[in-house]
Amino acid sequence: MDTIERKIHQVGGSIQWHLTTECPNRCIHCYTYGKSSQETPKTNLPFEQLEEIYSRICLFEKHYGLHFESFNLTGGDPLYDNLGWRIAELLTTDKRKINILGIPERVTKENIDFMKIFLKTTNIRIKKMMS
């Protein structure tokens, strides 16, 4: 087992997954919309393509004998169009830990109800808005 595989096994490994560039805020500190990202393409993949990406991650794990324990879902706004929750449902079927790096506007009763579904495997981190 080479060094990178050994390290992933030791720490459990995680993936930070940028699901979308969509976000209503355009915060100046954000890597998606800040001054340093002026040339970053703003495109979003349909859910079916995100599912395919996840399938490829699973194949990568199987091929190298790895298991990424957690996924950090971010964006833009990872809860845009319920995208984050759809991915979270997919990830929890494989018993993954989920962290959602979101925006304050998404802390709603409906989203809190979804958080309760994933409570044992979900953390919510909220970026401070500084427009």
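User: Is phenylalanine 114 buried, partly exposed or exposed?
Analyst: Phenylalanine 114 is partly exposed, with a relative accessible area of 21%. Buried means under 20% relative accessible area, exposed over 50%, and partly exposed in between (1.4 Å probe, protein chains only). This is a predicted model, in which local features need pLDDT of at least 70 and side-chain atom pairs count only at pLDDT 80 or more, while totals for chains, interfaces and linings use all residues. Residues are numbered from 1 along each chain as its sequence is written, and side-chain values use heavy atoms, with hydrogens and water left out.

User: Which element holds phenylalanine 114, and what does it touch?
Analyst: Phenylalanine 114 lies in helix α4. Helices (H or I, at least four residues) and strands (E, at least two) are DSSP runs, numbered from the N terminus. Leaving out residues up to four places away in sequence, phenylalanine 114 touches Trp85 and Glu89, where contact means heavy atoms within 4.5 Å. The C-alpha atoms of phenylalanine 114 and glutamate 89 are separated by 9.9 Å, and the two residues are 25 apart along the chain.

User: Which residues of α3 are buried, and what covers them?
Analyst: Leu83, Gly84, Trp85, Ile87, Ala88 and Leu91 are buried in α3. Their cover includes β1, α2, β2, β3 and α4 (109-117).

User: Let's zoom out. What is the overall pattern of the chain?
Analyst: Along the sequence the protein chain follows α-β-α-β-α-β-α-β, with 4 helices and 4 strands. Of its 131 residues, 39% count as buried. Among contacts between residues at least 6 apart in sequence, 73% join residues at least 24 apart.

User: Now β2. How many of its residues are buried?
Analyst: 5 of the 5 residues of β2 are buried, so the strand is largely enclosed by the rest of the structure. Ser70, Asn72 and Thr74 lie on one side, with Phe71 and Leu73 on the other, and both faces are covered. In a regular strand the side chains alternate between the two faces of the sheet.

User: Which way do its neighbours run, parallel or antiparallel?
Analyst: β1 and β2 run parallel and are joined by 5 bridges. β2 also pairs with strand β3 (residues 97-102) in the parallel sense, over 4 bridges. Two strands pair if DSSP finds at least two bridges between them. Leucine 73 in β2 stands opposite tryptophan 17, and its bridge partner in β3 is isoleucine 100.

User: What is the handedness of the unit made by β2, α3 and β3?
Analyst: These elements make a right-handed β-α-β unit. A crossover is right-handed if, with the strands pointing away from the viewer, the path from the first strand over the helix to the second runs clockwise.

User: Which residues of α2 are buried, and which exposed ones sit on the face turned away?
Analyst: Phe47, Leu50, Tyr54, Ile57 and Glu61 are buried in α2. They cover an arc of only 65° around the axis, which puts them on the same side of α2; the arc is that of the directions from the helix axis to the C-beta atoms. The face turned away carries the exposed residues Glu48, Arg56, Leu59, Lys62 and His63. What covers the buried residues of α2 includes β1 (14-18), β2 (70-74) and α3 (83-92).
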